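Let's take a walk through a two-chain model, one piece at a time. Keep the 3D view open and click along as you read.

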Amino acid sequence: MRSRLGKVLCALAFTGVLVAGLAATPSETPIVGSKDFTESIILGELLRLEASREGLKLDHRRAMGGSAILWQALRVGSIDAYPEYTGTLTQELLAQLPQPVSLEALTRALSELGLAMSSPLGFEDRYALGVPETLAQRLGVRTISDLRAHPTLRFALSNEFMSRADGWSGLRAAYGLSPVTVRGLDHSLAYHALGQGAADVTDVYTTDPEVDAEHIRLLDDDRNFFPSYQAVWLYRLESARRWPALESSMQALAGHVTLSAMRSLNAQVQLKRRPESAVAAQFLSTTSPGEQGWGRRLAQRTREHLALVAVSLGLALALGLPLGVVAAKAPRFGRAVLGLTVVLQTIPSLAMLVFMIPLLGIGARPAIATLFLYSLLPIVRNTMVGLSSLPAELITSAASLGLPWQVQLLRIELPLAARTILAGVSTAAVINVGTATLGALIGAGGYGEPILTGIRLNNVPLILEGAVPAAVMALLVMGLFQWLEYLVTPRGLRLRVDA
Amino acid sequence: MFSLEHVSKRFGTFVALENLTLQFPSGAVTAVIGSSGSGKSTILRLLLGLELPDAGLVRVDGVAVSAANRLAIRRRIGYVIQEGGLFPHLTVRDNLALLPRHLKWSRARIDARTLELAELVEMPASALTRFPLELSGGQRQRVAVMRALMTDPPALLLDEPLGALDPLVRFELQERLRQLFRVLGKTVVLVTHDLPEAAFIAPRLVLLRAGRVIQDGTPAELYERPADDFVRRFVAAYRPPPLPHSKVSS
């Protein structure tokens, strides 16, 4: 009996290793990543299409997250290239370099990391201050310095701009601005605020399509405060050697994406709600390969989402169940384990995903690891509680029979606690279905992809395309577990409910 | 078969047994009586190795009970507790088969033994496929006794086996147990707080108070020569039936 339990545990552990191993297999196709905003995704699509014109199949992992995530992913080799801005490199990613950073210093620092930077794409996406055109004309404001004469203008600044050193605090000091009203708000709301006359000045990105659409005048940075944010490709030297077509595709695009072109590409996606790939294809005058129908997209996302939930839950069961058993038998250890899982639970899921990237790269693996950690608490706790709350006379009775502990556990204690344990597994599964949508932030796919894109584009139908199947899956999972609970509850225990 | 030598056992600050020395010879039926908390149940738990003594020695067939040998010792002892301790997720048959199956008994052997014991405790064969919650209290205790006897161990320990039963069933089962113990000839230790029950079933009574033996003898000795005032009060603590001349108002 001892050996049978051992075999079961070994098999579970082996399955875990196997799954992890499969997920780690390196890809044969180069991967371009993009950040979680429209412009970056369009650029990613441009590179994918350009590469395909040159006969190279390139995978595009869309909207993986912010600069920090993409930078990490590139450095660990989870992706081979992504579009970046020179300002982000000098101000954030390589902020340790002596300022101002020369091009040579930047190239050298990158090559030390095994990375390289392409020639500029042809546009700059940097911060600027914008004022409605009509107001600007009335006041005669052309430069940022001109704002000093109008301290009553109401500033509505994005939260990110407010918190950055190269944002509001630096700008205010450089120009000696002291406006009466400064409020922080979400970037996507700033244009609405300006359009409705609720604010007069906001920070914008130079390529925002709303600059044209809402008739915003960008003020001249006459003291050259804002650093340059030239769009470039960042890529791995090793990848460029392995796939020469990758490098030539990047160089082919360099110098050809002008500011007005980029703004118009953004406008077509954000304001006219056309898909990024179609917009990119139109720009390159080519057709977009790889577009899928609605049904196939749903099937693909369902597969990805289910895989995330099932694999993470399986691993959590393989570890959580034995851990819960040990915790029930050794209360001191149990409290420590429970404390640890509680701490894991308090880590925000986004932060957890970011922690995982240096360890596991991007894609399904870090998402599965995150979901696995979140699943541990309900499984460990319910196993522990289920076992330790069995009636004392049954424990005594089981012990007095003269059966070894393994047999007691498998034949008596686990079946009696099965309902409680399963309730924990079911909780973990339902939570996983929801949390797995965040996996899209790090390129794990699933239902989160349309949700994130929908949020970014303020496109409700697109959000629903992910949210509705996720809700349906959560309900199905719950139903499945209710049925399982009925199955694992021995008939002798169901009587208690009937009686 | 069992002996306790200068055994002490505490639970926190509560003294369950204090320097207790007691023998239970092979083949003898002994009842251990006393009030709640007098340490009766602790004796059984020590014999089974469910607890280990703080001081002194507990021996089963001359061998000191330890963490290493208690599994083997438990297989030589049948144990019955108040509510039967039957596992609600298993049928009567599966409850009975737990240990035999682990010992690799054949199905036929298990079935034969089950039927033999069902006859012994007067349990209808039709009840064997039921779950414990579908049985009456008396039937559950019969099954508990059957389970304790499955592998025919040389000793039987019973902890308030009839404590939760209604008086009629209890009366009937007292008779049944007394006969059973005579037929089986096993070493039996019966723990109860019911003196008439103990006196009816066992030829030897051990009266316990606060973890010490107050009196050890036959029922007759206990009734006729109580060792001290406590024993006298314990013996007297039963209400006589109503007197025949008491009037019933009409």
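Chain A averages a pLDDT of 85, and 92% of its residues score at least 70. In case that word is new, pLDDT is the predictor's confidence in each residue, on a scale from 0 to 100. Two stretches of chain A fall below 50: residues 1–6, which have six contacts in the model beyond near neighbours in sequence, and residues 8–25, which have ten such contacts. (Two residues are in contact if their C-beta atoms, placed from the backbone, lie within 7 Å.)

Chain B has a mean pLDDT of 86, with 97% of its residues at 70 or more. For the complex, the predictor gives an ipTM of 0.83 and a pTM of 0.65.

A bit of housekeeping: this is a predicted model, where local features need pLDDT of at least 70 and side-chain atom pairs count only at pLDDT 80 or more, while totals for chains, interfaces and linings use all residues. Residues are numbered from 1 along each chain as its sequence is written, and chains are lettered from A and ligands numbered from 1 in the order in which they are written.

## The two chains in outline

Chain A contains 23 helices and ten strands, and chain B contains nine helices and ten strands. Here helices (H or I, at least four residues) and strands (E, at least two) are DSSP runs, numbered from the N terminus.

Of the 499 residues in chain A, 44% are buried; of the 250 in chain B, 39% are. A residue is called buried if 20 or more other C-beta atoms lie within 10 Å of its own, exposed if 12 or fewer, and partly exposed in between, with C-beta atoms placed from the backbone. Now take the contacts with a separation of 6 or more: residues 24 or more positions apart account for 78% of these in chain A and for 67% in chain B.

## A helix pair in chain A

Find helix H19 (residues 392–400) and helix H20 (residues 405–435) of chain A: their axes come within 11 Å and cross at roughly 170°. Axes are lines fitted to C-alpha atoms, for helices over the stretch in contact, and angles run from 0 to 180 degrees between N-to-C directions. So H19(A) and H20(A) are roughly antiparallel to each other. The cut-offs are under 35 degrees for roughly parallel, over 145 for roughly antiparallel, 65 to 115 for roughly perpendicular, and oblique for the rest.

Which residues make the contact? H19(A) brings A:Leu394, A:Ala398 and A:Ala399, and H20(A) brings A:Gln408, A:Ile412, A:Glu413 and A:Leu416. They divide into five nonpolar, one polar and one charged. (Ala, Val, Leu, Ile, Met, Phe, Trp, Tyr, Cys and Pro count as nonpolar, Asp, Glu, Lys and Arg as charged, and the others, Gly among them, as polar.)

## Helix H3 of chain B

In helix H3 (residues 92–102) of chain B, the residues B:Val92, B:Asn95, B:Leu96, B:Ala97 and B:Leu98 are buried. They pack against helix H4 (107–120) and helix H5 (137–149) of chain B, together with H20 of chain A. Just after H3(B), B:Lys104 takes a positive phi of about 65°.

The axes of H3(B) and H5(B) come within 8 Å and cross at roughly 25°. That makes H3(B) roughly parallel to H5(B). On the H3(B) side, B:Val92, B:Asn95 and B:Leu96 meet B:Val143, B:Met146 and B:Arg147 of H5(B). The residues of this contact divide into four nonpolar, one polar and one charged.

## Where the chains touch

How many residues of chain B are in contact with chain A? There are 21, and they touch 22 residues of chain A. On the chain B side, H3 and helix H2 (70–74) each supply at least two residues. The largest share, three residues, comes from H3(B). This side of chain B divides into 13 nonpolar, four polar and four charged residues.

## One residue up close

A:Leu259 sits in helix H13 (residues 259–270) of chain A. Why does A:Leu259 count as partly exposed? Because A:Leu259 has 14 C-beta neighbours inside 10 Å.

Leaving aside neighbours within four places in sequence, A:Leu259 is in contact with A:Phe123, A:Glu124, A:Thr206 and A:Thr207. The C-alpha atoms of A:Leu259 and A:Leu121 are separated by 9.7 Å, although these residues are 138 apart along the chain.
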